[in-house]
Each structure stands twice: as structure tokens, then as C-alpha cells.
Amino acid sequence: MEQPISITPEQAWQMMNNGAHLLDVRDELRFTQSHAKGAFHLTNQSYSQFQNNVDFDENVIVMCYHGISSLNVGAYLLAQGYDNIYSVTGGFEGWEKSGLPLEN
């Protein structure tokens, strides 16, 4: 099974500034409390919206709590035909520690 490419939070932010999509796969409560600026909350319910808005060849970054679950979600997206999938090392926790922009 293909795996996403692991990147640092800083690399993710730079990619987002160049048009990459950031998907946050944490639970609703945690996402609502705080999330990376510009992140899309990917859930079973929002997956079709994601599919409608993101082409298979666009850069997609997946973020979870600590960088473990995002690898599984990334592998799933690769299996669905998305070509450029990345996972944030350290997840949201790493993003916070890096001092990158947040939204509430």
C-alpha cells in the first residue's frame, strides 16, 4: 500500500501558501476548539465536498493529532486516486509547537 510523504509543519505551511489543501481529520470538538489556519475539516460527512473541490493531481496535506492517523487517511486518499498526498509529522501538536497560524 502506498503511503503519503511525511513533511514538517513548516513545509506544510509553505505548500499551503502555494495552493495545497490542508485536511484536518481530528474530531469535531478538537477542530472547533482550534485548527491550523485554512484547514478543511475532513469527516465522513464532508468527504464528498472535498471530492467536489479538489482534483486528483492537486497537493493534499493531511493532519491529525500527532501524525499517525493522517498516514492511514493519506494512504486511503492515494488508493482513491489522489496523486500528491502528504502527512504532517507531529500532527496538530507539531503545528502548534512550530508557532504556525491557528484559527478558532
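User: Leaving aside its neighbours within four places in sequence, which residues is Ser34 in contact with?

Analyst: Bear in mind that this is a predicted model. Ser34 touches Arg26, Phe92, Leu102, Glu103 and Asn104, once neighbours within four places in sequence are left out. Ser34 itself sits in the loop between helix H2 (28–33) and strand E3 (35–36).

User: Why is Ser34 called buried?

Analyst: Buried means under 20% relative accessible area. Ser34 has 13%, so it counts as buried.

User: What makes Arg26 and Asp24 a salt bridge?

Analyst: The cut-off is a side-chain nitrogen of Lys or Arg within 4 Å of a carboxyl oxygen of Asp or Glu. For Arg26 and Asp24 the N to O distance is 2.9 Å, so the pair qualifies. Arg26 is buried at 4% relative accessibility, and Asp24 is buried at 0%.

User: How many salt bridges does the structure hold?

Analyst: Two. Glu93 and Lys97 also meet in one, at 3.8 Å from N to O. They are four residues apart in helix H5 (residues 91–97), so about one helical turn separates them.

User: Why is Lys97 called exposed?

Analyst: Exposed means over 50%. Lys97 has a relative accessible area of 70%, so it is exposed. Glu93, at 35%, counts as partly exposed.

User: And what makes Asp83 exposed?

Analyst: Its relative accessibility is 51%, and the label needs over 50%, so Asp83 counts as exposed. Asp83 lies in the loop between helix H4 (69–79) and strand E6 (84–88). On the surface, Asp83 gathers with Glu2, Asp55 and Asp57 in a patch of negative charge.

Definitions and conventions
Residues numbered from 1 in each chain as written. Predicted model: local features only at pLDDT ≥ 70, side-chain atom pairs only at ≥ 80, totals over all residues. Heavy atoms only, no water. Patch = residues over 30% accessible without salt bridge, like charges linked within 9 Å, V, L, I, M, F, W, Y side chains within 5 Å. Areas by Shrake-Rupley, 256 points an atom, 1.4 Å probe, with all protein chains shown as cover. Lys, Arg positive; Asp, Glu negative; His and termini not counted. Charge placed at Lys NZ, Arg CZ, Asp CG, Glu CD. Helix = DSSP H or I, 4+ residues; strand = E, 2+ residues; numbered from the N terminus. Buried < 20%, exposed > 50% of the residue type's maximum accessible area, 1.4 Å probe, protein only. Contact = heavy atoms within 4.5 Å.
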